[in-house]
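Here's a quick briefing to read alongside the model. Have the sequence and the viewer open as you go.

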Amino acid sequence: MVIEIDFNSGEALYQQLRNQIILGIATAKFQEGDALPSVRQLADDIGINMHTVNKAYTVLKQEGFVKMDRRKGAVIALDIDKLRALEEMEKELRGTLAKGICKGISREEAHRMIDDIYEEYGMLQESGR
């Protein structure tokens, strides 16, 4: 499992870890039912505090990306319903698009960026299977 954490980033470490795991799911590096490393193992591998990993796993559980299994620990479980996911995505996109509009980014540039990202993730999914 390759997790890239930027210790110089202003973004919280648990949030970076959460984002990396979600990216792994989106690019099919992680599949439904895959067990994530134990809190202790991942903390040791990355060189961060166990509480930070635990917080990331807790947030992922609350968001419906993982479930906690007594024997396996954190397991990928995509139980978020599509409607809720779309609502969350729209909320995040509204803020992102507003920032882009303020910086002069056109609709065409934003659409092209989204298309490129979807294509990139699709290619990663195909190569990961």
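A residue counts as buried under 20% relative accessible area, as exposed over 50%, and as partly exposed in between, using a 1.4 Å probe and protein chains only. This is a predicted model, where local features need pLDDT of at least 70 and side-chain atom pairs count only at pLDDT 80 or more, while totals for chains, interfaces and linings use all residues. Residues are numbered from 1 along each chain as its sequence is written, and side-chain values use heavy atoms, with hydrogens and water left out.

**Overall picture**

- The protein has five helices and two strands, and from the N terminus on they run α-α-α-β-β-α-α.
- Those elements are DSSP runs numbered from the N terminus: helices are H or I with at least four residues, strands are E with at least two.
- Along the principal axes, the C-alpha atoms fill a box of roughly 50 × 35 × 30 Å.
- Of the 129 residues in the protein, 27% are buried.
- Among contacts (heavy atoms within 4.5 Å) with a separation of 6 or more, 51% link residues 24 or more positions apart.

**Confidence**

- pLDDT is the predictor's confidence in each residue, from 0 to 100; the protein averages 90, and 91% of the residues score at least 70.
- Confidence is highest in α3, at a mean of 96, and lowest in helix α5 (residues 107-128), at 86.

**α1 against α3**

- The axes of helix α1 (residues 13-26) and α3 come within 8 Å and cross at roughly 50 degrees. Axes here are lines fitted to C-alpha atoms, for helices over the stretch in contact, and angles run from 0 to 180 degrees between N-to-C directions.
- So α1 and α3 are oblique to each other; under 35 degrees would be roughly parallel, over 145 roughly antiparallel, 65 to 115 roughly perpendicular, and the rest is oblique.
- Their crossing is right-handed, meaning the near helix is turned clockwise from the far one by less than a right angle.
- On the α1 side you'll find Leu 13, Tyr 14, Leu 17, Arg 18, Ile 21 and Ile 22, meeting Thr 52, Val 53, Lys 55, Ala 56, Tyr 57, Val 59 and Leu 60 of α3.
- By class, that contact has 10 nonpolar, one polar and two charged residues. Nonpolar covers Ala, Val, Leu, Ile, Met, Phe, Trp, Tyr, Cys and Pro, charged covers Asp, Glu, Lys and Arg, and the others, Gly among them, are polar.

**α2 against α3**

- Helix α2 (residues 39-46) packs on helix α3 (residues 50-62) at an angle of about 120 degrees, with the axes 8 Å apart.
- That angle makes α2 oblique to α3.
- Val 39, Arg 40, Leu 42 and Ala 43 of α2 make the contact with Met 50, Val 53, Asn 54 and Tyr 57 of α3.

- Leu 13 sits in helix α1 and is partly exposed, with a relative accessible area of 26%.
- Leaving aside neighbours within four places in sequence, Leu 13 is in contact with Ile 5, Asp 6, Phe 7, Ile 48 and Thr 52.
- The C-alpha atoms of Leu 13 and Val 53 are separated by 8.5 Å, and the two are 40 residues apart along the chain.
- Ala 56, in helix α3, counts as buried at 0% relative accessibility.
- Not counting residues up to four places away in sequence, Ala 56 touches Tyr 14, Leu 17 and Arg 18.
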